[in-house]
Amino acid sequence: MAPSLQQLLDHHALGLKLVVAGAAGALDRPVEWVSGSDLPDPTPFLVEQQIVLTTGTQFGTAVSATQVQAYVARLAAAGVAGIGFGTEVITAGTPAELAEACAAHGVPLFEVPYRTPFIAVIRYAADLIAEAGRAKDAWALAAQRAIAFAALRPDATSAVVSELARALGAWVVLFDAHSSVVATGGAVAAGVADTAADPLVQRVALEATRLLQRGQRSGATLTSRGGTVSLQTLGRRGDLRGVLAIGGTDGPLDPGSQSVVTSVVAIAGLTLEQGGALGRAGRSLRVGVWRLLLSGESAAARDVAAELGTPLPTGAVRVGVCSAPGDAKETLLTELERAETLSPGALFVSEHDGRLLLLVADTVEPDTGPAGSAPDGGDGAGTGERGVLETIVQAAADRRMGLSQPIALTELALGVDQAVSAHEQAVATGQSIVRFGALAAAGMAGLLDPVRAAAVAEELLQPLLRVDREEGTALVDSLLGWLEANGQWDPAAKRLGIHRHTLRNRITRVEQLLGRTLDTFAARAELWLALVSLRAVPPAG
């Protein structure tokens with residue numbers, strides 16, 4: 001770290017004397033350089049955080065308060081770290097006007113005694129700055145060495161991120177190409193997974209998503225009361241691998257720290273790319289595991305899955321079929337695979353025939369359906385990790401999942417058929433999750449696409465619907481009441497609150513309008529299904 005003005009004042013050999021301390025913390029601010037100048041306006045030749053040494057020649061022997069105020073105001077605007085006044089050259093001491101101006105603008109002021117040449121102050125400051133530079137270089141080299149060793153560990157990505165956070169004294173978050181958190185380090189690690197828990201972390205996640213969507217190598221900086229957050233993309237343009245976010249720093253990183261971050265960007269980008277390649281290879285092997293299961297080779301499938309580090313569930317399982325549109329499918333698959341990693345032996349994820357397929361241990365699957373749906377028909381759902389799949393599937397409105405009833409692995413083909421049927425129903429009805437147990441409880445009618453069935457039903461019953469609208473009759477309600485009473489006239493008429501002869505006349509007219517008799521079971525069943533389908537879908541608008 002660069003030296004401070006306080007370090008110069010503490011070096012007794014220079015004999016410097018503080019006159020004005022300036023703003024709070026000004027004495028501890030880093031000093032970038034020290035130089036002497038008696039120009040009325042030296043600001044074109046200054047850098048920020050520089051100390052200016054002057055003998056006051058520019059003020060003359062008759063010091064003007066107005067002139068001094070303007071001089072100090074210019075230096076303060078330029079961001080100087082302090083002013084050193086050489087006494088006994090023009091004036092015997094430090095002019096009171098200069099002290100007042102420095103106090104007014106928060107600029108530190110100190111006296112340089114006549115016996116101390118300006119070059120001595122400059123040389124001592126230069127030595128401190130050089131020493132700080134060497135120390136920073138040594139720190140950067142040590143940090144890069146530690147990070148390189150961390151990259152050799154089995155958990156290379158997490159180890160590198162943690163080592164970077166330790167070296168910088170900051171918090172670090174690594175996002176993958178889908179804006180999902182891959183690794184964290186530092187104080188933010190505990191809460192970063194829940195982006196809603198911290199507004200700053202939420203802003204970081206949104207900014208990471210924005211950078212990834214642009215598809216170009218770039219960076220961004222966010223500022224908050226907690227400090228500065230720097231974000232840097234990983235990978236090549238058009239093939240970004242993720243985003244590295246560093247927060248909790250007082251400001252932009254210095255060159256030494258940036259060099260360390262650059263090495264981490266390279267390592268993290270490489271590990272994410274390797275992880276992507278390994279992930280693709282692993283997915284291919286998962287497909288092989290699924291094919292082994294379908295062919296009845298359960299023992300071989302278990303061995304291969306165990307070698308992959310994704311053991312198959314034991315005991316009763318449920319088969320799941322998941323879907324999401326377009327690019328969202330890859331994000332859904334990644335989240336499911338992450339859940340699989342967190343619950344080894346409880347979930348197995350694969351792709352087959354264009355579908356995302358799951359094997360879920362029955363103890364993991366919740367025993368209640370999603371909001372607004374009934375329980376799973378009492379088919380023995382477990383009471384283990386509840387909500388794992390619901391949380392993932394319901395995280396986006398366009399995700400759909402169908403789940404089979406509990407089966408043995410030897411019944412996998414049956415489970416797949418059940419899950420496919422439940423998934424098709426989820427897509428047709430817009431539900432996030434449909435369980436085959438609830439679907440079976442609804443009978444054969446539950447297998448129909450409600451929207452398509454309602455359209456067919458409306459076309460079939462159109463003559464009755466038109467007469468009811470135009471004449472104010474109740475042919476549709478009378479037909480449904482009669483069918484639900486199994487074609488018995490008296491019970492149906494009593495339930496409808498009309499005379500049985502009136503009901504007979506209405507059913508006769510129904511037959512005339514539809515051009516069919518209702519003497520057969522098939523004719524009655526078709527009309528009942530049409531009526532039920534029509535009532536299942538509310539009218540548009």
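Modeller: Happy to. A word on burial to begin with: a residue is called buried under 20% relative accessible area, exposed over 50% and partly exposed in between, using a 1.4 Å probe and protein chains only. Helices (H or I, at least four residues) and strands (E, at least two) are DSSP runs, numbered from the N terminus. The model is predicted, so please keep in mind that local features need pLDDT of at least 70 and side-chain atom pairs count only at pLDDT 80 or more, while totals for chains, interfaces and linings use all residues. Residues are numbered from 1 along each chain as its sequence is written, and side-chain values use heavy atoms, with hydrogens and water left out.

I would start with helix 11. With 18 residues (412–429), helix 11 reaches 25 Å from its first C-alpha to its last, close to the 26 Å expected at 1.5 Å a residue; the expected span is 1.5 Å times one less than the number of residues. Its buried residues are L412, G415, V416, Q418, A419, V420, A422, H423, Q425 and A426. Just beyond the end of helix 11, G430 has a positive phi of about 80°.

Five strands make up an open sheet with mixed pairing, in the order 12-13-11-14-15; two strands pair if DSSP finds at least two bridges between them. Strand 12 (347–352) and strand 15 (433–435) are at the edges with a single partner strand each, so one side of each has no neighbour in the sheet. On average, neighbouring strands here are turned by 20° against each other, direction ignored. For such values, axes are lines fitted to C-alpha atoms, for helices over the stretch in contact, and angles run from 0 to 180 degrees between N-to-C directions.

Strand 12 pairs with strand 13 (355–361) in the antiparallel sense over six bridges, and V349 has L358 of strand 13 as its bridge partner. Helix 9 (328–342) packs on the sheet, touching strand 11 (317–323), strand 12 and strand 13, and its direction makes about 150° with that of strand 12. Helix 11 packs on the sheet too, touching strand 11, strand 13, strand 14 (400–403) and strand 15, with its direction at about 40° to that of strand 11. Contact here means heavy atoms within 4.5 Å.

With a relative accessible area of 2%, S350 is buried. Beyond its neighbours within four places in sequence, S350 is in contact with R286, V287, W290, R355, L356 and L357.

Now for another sheet, again open, mixed and of five strands, in the order 1-5-4-3-2. Its edge strands, strand 1 (17–20) and strand 2 (33–36), each pair on one side only. Neighbouring strands of this sheet are turned by 25° against each other on average, direction ignored. Strand 4 and strand 5 (109–112) run parallel, joined by four bridges, and G86 stands opposite V112 in strand 5. Helix 3 packs on this sheet, touching strand 1, strand 4 and strand 5, at about 70° to the direction of strand 1. In the loop between strand 4 (82–86) and helix 3 (96–105) lies E88, which has a positive phi of about 65° although it is not a glycine. E88 counts as exposed because its relative accessibility is 52%.

Strand 6 pairs antiparallel with strand 7 (181–185) over four bridges, and L174 stands opposite A183. Their hairpin has four residues between the strands, and in it S179 takes a positive phi near 65°.

Last, a helix pair. Helix 16 (489–496) and helix 17 (500–514) pack at about 100° with their axes 9 Å apart. That makes them roughly perpendicular, a term for 65 to 115 degrees; under 35 is roughly parallel, over 145 roughly antiparallel and the rest oblique. W489, D490, A492, A493 and L496 of helix 16 meet R500, L503, R504 and I507 of helix 17. In the loop between helix 15 (475–484) and helix 16 sits N486, another non-glycine with a positive phi, about 60°; at 60% relative accessibility, N486 counts as exposed.
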